[in-house]
Amino acid sequence: MRAIYLTGFMGAGKTTIGQRLGEVLQLPVIDTDAYIEQQVGKTITEIFEEEGEEAFRTYERETLKKLPTEHVIITTGGGIVIQEENRQFMREHGIVIYLHCELHELFRRLADDTTRPLLMENKQKQIKQLFEQRLPWYREAHMTIDTTNRTIDDIVENIVSLL
Ligand code: S3P
């Protein structure tokens, strides 16, 4: 089975859904952010602060190419789709599933979050701007699953039925 790539905005539930999907399908799950943190030995926030976003995007691009492309679920950072090269790589090597979440729900889910370096000030404005810019790129996925107002079990069941 080809790799399953879960994409979507920050707060869409990629990590949680990926973990549950991995249990159901009995597949290992690799998270690109966690992989980068482990390889670099810094948190995502530290990488942004000390090396800048460009350096992070380079780690992200290199990581995607290094990870297995068979029998694995890969949960990605929300910005993986920014780079055309990444979108193309995922589409060619696996099944890309976009976890969509409505803006009002993202506002709610991310309201108290302090772990995302891109959402430090003017949070709602930042979320809206990034979301609108990225939406066409997320939509290039093979499948779109709406996660707004749904339970994890329901979403996972939906994904499994479509595979
Ligand atoms: C980012 C999303 C984050 C992380 C980094 C940048 C983005 O991952 O990769 O903070 O550009 O949307 P999550 O989507 O897992 O929060």
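**The annotated binding site**

Mentor: Gly-11 sits in the loop that joins strand S1 (3-7) to helix H1 (14-25); helices (H or I, at least four residues) and strands (E, at least two) are DSSP runs, numbered from the N terminus. This is a predicted model, in which local features need pLDDT of at least 70 and side-chain atom pairs count only at pLDDT 80 or more, while totals for chains, interfaces and linings use all residues. Residues are numbered from 1 along each chain as its sequence is written.

Gly-11 counts as buried because 20 C-beta neighbours lie inside 10 Å (buried: 20 or more other C-beta atoms within 10 Å; exposed: 12 or fewer; partly exposed: in between; C-beta atoms are placed from the backbone). Beyond its neighbours within four places in sequence, Gly-11 is in contact with Cys-101, Leu-106, Arg-109 and Leu-110, contact meaning C-beta atoms, placed from the backbone, within 7 Å.

An unreviewed UniProt entry lists under "binding site" Gly-11, Ala-12, Gly-13, Lys-14, Thr-15, Thr-16, Arg-116 and Arg-150. These residues span 140 residues in sequence, and their farthest two C-alpha atoms are 23.5 Å apart, so they do not all gather at one spot. UniProt positions follow the numbering used here, feature names are shortened, and annotations may be inferred rather than shown by experiment.

Arg-116 lies in the loop between helix H6 (103-110) and helix H7 (123-138) and is partly exposed, with 18 other C-beta atoms within 10 Å. Among the residues around the ligand are Lys-14, Arg-116 and Pro-117, each having its C-beta atom, placed from the backbone, within 6 Å of the molecule.

Technical notes
Two residues are in contact if their C-beta atoms, placed from the backbone, lie within 7 Å.
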